[in-house]
Amino acid sequence: MNSVLDCEWKLNADESGMRAYYLPSSIMNDSRLTCKAKVVWCYMNSKVNGYNFSSYRIAKDMKEGHKTIQAAMRELEKLKYLERDRKFDGRIEYDLNYNPPSLTKEEAEQCLIEM
(Lines give C-alpha, C1' and ligand atoms only; values in the text may rest on other atoms or scores of the structure.)
Protein backbone atom coordinates (compact mmCIF):
# COMPACT_ATOMS: atom_id res chain seq x y z
CA MET A 1 0.00 0.00 0.00
CA ASN A 2 1.37 3.39 -0.99
CA SER A 3 1.68 6.09 1.59
CA VAL A 4 0.58 9.65 1.01
CA LEU A 5 4.15 10.60 1.81
CA ASP A 6 5.42 8.49 -1.12
CA CYS A 7 3.52 10.66 -3.61
CA GLU A 8 5.11 13.46 -5.56
CA TRP A 9 3.48 16.72 -4.54
CA LYS A 10 3.46 19.67 -6.91
CA LEU A 11 2.15 23.13 -6.36
CA ASN A 12 0.05 24.34 -9.30
CA ALA A 13 1.19 21.45 -11.42
CA ASP A 14 0.72 21.98 -15.16
CA GLU A 15 -1.79 24.80 -15.10
CA SER A 16 -1.34 25.41 -18.81
CA GLY A 17 -4.34 23.26 -19.69
CA MET A 18 -6.45 24.24 -16.70
CA ARG A 19 -8.94 27.07 -16.38
CA ALA A 20 -9.46 28.96 -13.15
CA TYR A 21 -13.06 29.18 -11.99
CA TYR A 22 -14.49 31.87 -9.79
CA LEU A 23 -16.76 30.55 -7.06
CA PRO A 24 -18.38 33.45 -5.24
CA SER A 25 -18.95 33.14 -1.52
CA SER A 26 -22.44 34.61 -2.04
CA ILE A 27 -23.50 31.30 -3.58
CA MET A 28 -21.73 29.00 -1.17
CA ASN A 29 -23.01 30.93 1.86
CA ASP A 30 -26.60 31.33 0.68
CA SER A 31 -28.52 29.02 3.02
CA ARG A 32 -31.61 29.22 0.78
CA LEU A 33 -29.82 27.16 -1.89
CA THR A 34 -29.60 23.40 -1.75
CA CYS A 35 -26.37 21.58 -2.41
CA LYS A 36 -27.66 20.36 -5.79
CA ALA A 37 -28.40 23.94 -6.90
CA LYS A 38 -24.92 25.08 -5.86
CA VAL A 39 -23.30 22.24 -7.80
CA VAL A 40 -25.40 22.92 -10.91
CA TRP A 41 -24.46 26.63 -10.74
CA CYS A 42 -20.78 25.69 -10.43
CA TYR A 43 -21.08 23.28 -13.36
CA MET A 44 -22.72 25.94 -15.53
CA ASN A 45 -20.12 28.51 -14.47
CA SER A 46 -17.31 26.17 -15.54
CA LYS A 47 -18.44 26.18 -19.19
CA VAL A 48 -17.36 28.67 -21.82
CA ASN A 49 -19.58 31.59 -22.84
CA GLY A 50 -22.18 30.55 -25.36
CA TYR A 51 -22.23 26.91 -24.19
CA ASN A 52 -25.50 25.21 -25.17
CA PHE A 53 -27.00 24.01 -21.86
CA SER A 54 -29.80 21.53 -21.42
CA SER A 55 -30.97 19.71 -18.33
CA TYR A 56 -30.46 16.41 -20.17
CA ARG A 57 -26.84 17.22 -21.03
CA ILE A 58 -26.07 18.40 -17.50
CA ALA A 59 -27.78 15.31 -16.05
CA LYS A 60 -25.72 13.04 -18.28
CA ASP A 61 -22.45 14.77 -17.36
CA MET A 62 -23.27 14.76 -13.65
CA LYS A 63 -24.77 11.23 -13.60
CA GLU A 64 -28.04 12.57 -12.18
CA GLY A 65 -31.68 12.56 -13.26
CA HIS A 66 -32.75 15.39 -15.55
CA LYS A 67 -35.74 16.22 -13.30
CA THR A 68 -33.33 16.75 -10.42
CA ILE A 69 -31.28 19.11 -12.59
CA GLN A 70 -34.42 20.93 -13.73
CA ALA A 71 -35.47 21.39 -10.09
CA ALA A 72 -32.04 22.82 -9.25
CA MET A 73 -32.24 25.19 -12.21
CA ARG A 74 -35.72 26.35 -11.13
CA GLU A 75 -34.36 26.95 -7.63
CA LEU A 76 -31.50 29.04 -9.03
CA GLU A 77 -33.93 30.95 -11.22
CA LYS A 78 -36.28 31.64 -8.33
CA LEU A 79 -33.45 33.16 -6.30
CA LYS A 80 -32.16 35.11 -9.34
CA TYR A 81 -28.85 33.25 -9.65
CA LEU A 82 -29.92 32.06 -13.10
CA GLU A 83 -31.86 33.87 -15.79
CA ARG A 84 -33.41 32.20 -18.82
CA ASP A 85 -34.21 33.96 -22.05
CA ARG A 86 -36.12 32.10 -24.77
CA LYS A 87 -34.99 33.11 -28.25
CA PHE A 88 -37.19 33.33 -31.34
CA ASP A 89 -35.80 30.08 -32.71
CA GLY A 90 -36.86 28.23 -29.54
CA ARG A 91 -33.42 28.00 -27.96
CA ILE A 92 -32.98 29.09 -24.36
CA GLU A 93 -30.08 31.32 -23.39
CA TYR A 94 -28.85 31.18 -19.79
CA ASP A 95 -27.18 33.94 -17.81
CA LEU A 96 -25.55 33.30 -14.42
CA ASN A 97 -25.57 35.94 -11.71
CA TYR A 98 -22.87 36.16 -9.06
CA ASN A 99 -24.72 38.58 -6.77
CA PRO A 100 -28.42 38.54 -7.63
CA PRO A 101 -30.66 41.39 -6.52
CA SER A 102 -32.68 40.62 -3.42
CA LEU A 103 -35.72 42.42 -4.85
CA THR A 104 -37.28 42.29 -8.28
CA LYS A 105 -37.60 45.52 -10.21
CA GLU A 106 -41.34 45.59 -9.46
CA GLU A 107 -40.76 45.02 -5.72
CA ALA A 108 -38.16 47.80 -5.62
CA GLU A 109 -40.52 50.21 -7.42
CA GLN A 110 -43.31 49.31 -4.98
CA CYS A 111 -41.01 50.07 -2.03
CA LEU A 112 -40.17 53.46 -3.52
CA ILE A 113 -43.86 54.27 -4.09
CA GLU A 114 -44.69 53.40 -0.48
CA MET A 115 -42.00 55.76 0.86
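1. Helix α4 spans residues 66–78, 13 residues in total. From first C-alpha to last, α4 reaches 18 Å, close to the 18 Å expected at 1.5 Å a residue. That expected span is 1.5 Å times one less than the number of residues in the helix. Helices (H or I, at least four residues) and strands (E, at least two) are DSSP runs, numbered from the N terminus.

2. A word on the basis. This is a predicted model, in which local features need pLDDT of at least 70 and side-chain atom pairs count only at pLDDT 80 or more, while totals for chains, interfaces and linings use all residues. Residues are numbered from 1 along each chain as its sequence is written, and side-chain values use heavy atoms, with hydrogens and water left out.

3. The overall layout comes next. The protein chain has five helices and two strands. From the N terminus on, the order is α-α-α-α-β-β-α. Of the 115 residues in the protein chain, 24% are buried. Buried means under 20% relative accessible area, exposed over 50%, and partly exposed in between (1.4 Å probe, protein chains only). Take the contacts in the protein chain with a separation of 6 or more: residues 24 or more positions apart account for 41% of them. A contact is a pair with heavy atoms within 4.5 Å.

4. Back to α4. Its buried residues are I69, A72, M73, E75 and L76. Seen down the axis of α4, these fall within an arc of 155 degrees, so they line one face of the helix. The arc is that of the directions from the helix axis to the C-beta atoms. The face turned away from the buried side carries the exposed residues K67 and K78. The buried residues of α4 pack against two helices, α2 (35–45) and α3 (55–62), and two strands, β1 (82–86) and β2 (92–96).

5. E75 deserves a separate look. This residue is in helix α4. At 15% relative accessibility, E75 counts as buried. Not counting residues up to four places away in sequence, E75 touches R32, L33, T34, K36 and A37. E75 and T34 are 41 residues apart in sequence, yet their C-alpha atoms are 8.4 Å apart in space.

6. E77 is also in α4. E77 is partly exposed, at 29% relative accessible area. Leaving aside neighbours within four places in sequence, E77 is in contact with L82 and R84.

7. Now the α2–α4 packing. The two helices pack at an angle of about 85 degrees, with axes 9 Å apart. That makes α2 roughly perpendicular to α4. Axes are lines fitted to C-alpha atoms, for helices over the stretch in contact, and angles run from 0 to 180 degrees between N-to-C directions. Angles under 35 degrees count as roughly parallel, over 145 as roughly antiparallel, 65 to 115 as roughly perpendicular and the rest as oblique. On the α2 side, K36, A37, V40, W41 and M44 take part; they meet T68, I69, A71, A72, M73, E75 and L76 in α4. By class, the contact of α2 with α4 has nine nonpolar, one polar and two charged residues. Ala, Val, Leu, Ile, Met, Phe, Trp, Tyr, Cys and Pro count as nonpolar, Asp, Glu, Lys and Arg as charged, and the others, Gly among them, as polar.

8. α2 also meets α3. Their axes come within 12 Å and cross at roughly 100 degrees. The pair is therefore roughly perpendicular. V39, V40, Y43 and M44 of α2 make the contact with R57, I58, D61 and M62 of α3. The class count for α2 with α3 is six nonpolar, no polar and two charged residues.

9. The buried set of α2 is A37, K38, V40, W41, Y43, M44 and N45. These residues pack against α1 (25–28), α3, α4, β1 and β2.

10. Two backbone points to check. K63 has a positive phi of about 55 degrees although it is not a glycine. K63 is in the loop between α3 and α4. It is exposed, with a relative accessible area of 73%. K80, likewise not a glycine, has a positive phi of about 70 degrees. K80 sits in the loop between α4 and β1. K80 is partly exposed, at 29% relative accessible area.
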